[in-house]
Amino acid sequence: MLKQFSKLWTGLLLVAALLLVRQTFAAAVSVDLDVQPRVLQLGEAAQATVTVHGERNPPPPPLGGLPDCDVSGPSVNSQVSIINGRMDQSVTFVYQLVPRRTGALKIGPINYKIGNQTLQLRALELTVGAPTATGTSGEKKDTALSDLFFARLDIMPTNLFQNQLFELQLSIFHREIRLDSSFSLLNWQPAGLSISAFRELPAQRVMLNGQVFEARQFRCQARALSAGPVHLAPTVRGALVVQRERQQRGGPFNDPFFDRFFQDSLFNRAETRPVDIPTQPLEFSVRALPENGRPKDFNGAVGQFALTAQVKPDSAAVGDPVTLAARISGHGNFDSIAFPMLGNSELLKTYDAKLTAKELDETQTRGSKTYEQVLIPRSLDAQQIPAVGFNYFDPEKEQYVVLSAGPFDVKLRPAAAGAAPLTAPTQAAATPTGRDIAYLKSAPTHWRIHDEAEWSAPRFWSLQAIPPLAVVVAFILARRRQLRSGDVRWARREQAPRSARRALRTAEQALAMSQWEEFYEALANALRSYFGNRLNLPPGDVTPDGLLHVLQTAQVAAALTERVRALLELCDHARFGQMGSAALDREAGRRTLQEIANLLRNFEKVRL
């Protein structure tokens, strides 16, 4: 009887636990709707994703009846994950949406019934632009390159004061073409501005003048060091990716099978061509900080800040140290922030404050700084530590703000028995000694006379020459290091022979294993890296024709210039399968390798 009762009780507990778990999962059901991309052209498809959490077998969401869209699907994916000991079940429904018209299309809100619950899919909006313009034959109409890509500079905010932090955003827009992922800024030397490095934001699509553009955005922090007008007109240098035309000539083996092999995509890869992206100049004005209301101890802090401070311990004996900790937090130019000013008090002995904590974000503009200063009460009258003050200029309010924390009460007790009290220093009276000069050392018993003076010995002068020579060598090394770090052209000039030697070593290894594509690729890299670094050229400008133009401008001998162009074309022809089998001879490759090495040695003697 007891065993049956125990089994019955265990069964009831299991049923209750299952019901509790089911209720828990039912209460935790959630749903989310997302559509990507949300900016598209008429005829393009968007992907709608509905994710259900906390339900094992939910019904498909009712997306089939969306107006102005053709809906297909769904495809279903299930996933189970365990995070921090908790199990999460999710089911994802994926639909394809094809808009039927241009303009703004609204999706949702949509009621979605799962079991006994009715959930709601959030409302989203799609922006649909006109399709790419085509001619009567169905081909794309000719469009100016300036209409296919351009760049724009923006500042946030637009009302700026001196020393105020602001954001510079560079946006690069393009459509119907493909741009390489790397960009560079030319003529980018903004006077009077302190600018951090750009960081890239997530790519997105935008609608401009009824056209869909792919947008790549880069943002940086900047600060105006002086007041007045600012003019920014950089040139954005990019690379246009174009498909290399398919080769119609046969391969090096004059065989149909190998001809198709050399004509496939491996030997007809895309290539990049340097292009300058039009950028509209940006002009704005920086206002000077107002003189009216400026505190006398203003140090140049601009932004929004808060000040907190405390004294530890709050009770001490006279002569024992107490610590004043002040924390400044907020957003602004933290490099202009110093320790808050402490009110004057002759009852305290103060020591220099030190920075104990610095918690700033990657832009060094948002976070906090904590300072600590040691104070020693001189007497029982120092029962109160004066307040600390900090001031800054708020560009949003356009006025100076003065912050204060304190004063701070400290419970003082007399110094311990035998401890010397701290008093203000006083000038001690001079005590006469009875004579004007007190000798510290008596006269020597005898003098030693050298026959030859120390300074006339050669060894003496040799030793004296060591310190100035060491200073000269240190100066030369420091100057060389400074030039390398600050002068990009100098650093690339020093890098040119080293990069070429590395590429030539790679070519030797490829030649030994008869890896012809890698061999000629390494030779091309040796030439391009050497001349790109030596002449401080962007990677996209190191082409046979471009390099020929630069060398001719530098008045290099015509024979050397023509040989460089010929070797570059030889490497390109071999890499892309445009040469016969004679070029794939190991002895010919060794001669080409030696010729390039000798050519680069000769160019080391040429002044460019």
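A: Let's begin with confidence: helix α3 (residues 256-262) has the lowest in the chain, with a mean of 53, while strand β22 (residues 303-312) has the highest, at 92. These are pLDDT values (the predictor's confidence in each residue, from 0 to 100). Helices (H or I, at least four residues) and strands (E, at least two) are DSSP runs, numbered from the N terminus. This is a predicted model, in which local features need pLDDT of at least 70 and side-chain atom pairs count only at 80 or more, while totals for chains, interfaces and linings use all residues. Residues are numbered from 1 along each chain as its sequence is written, and side-chain values use heavy atoms, leaving out hydrogens and water.

The chain averages a pLDDT of 79, and 78% of its residues score at least 70. Residues 20-27 fall below 50, and this stretch has four contacts (heavy atoms within 4.5 Å) beyond near neighbours in sequence. Where pLDDT is low, the coordinates should not be read in detail.

Now for our close look: helices α6 (residues 516-534) and α9 (residues 586-604). Their axes come within 12 Å and cross at roughly 5°, which makes α6 roughly parallel to α9 (an angle under 35 degrees). On the α6 side, the contact is made by W516, F519, L523, L527, Y530, F531 and R534. Helix α9 contributes R586, G589, T592, L593, I596, L600, F603 and E604. Sorted by type, the residues of this contact are ten nonpolar, two polar and three charged.

Note on methods:
Axes fitted to C-alpha atoms, helices over the stretch in contact; angles between N-to-C directions. Parallel < 35°, antiparallel > 145°, perpendicular 65-115°, else oblique. Nonpolar A, V, L, I, M, F, W, Y, C, P; charged D, E, K, R; others polar.
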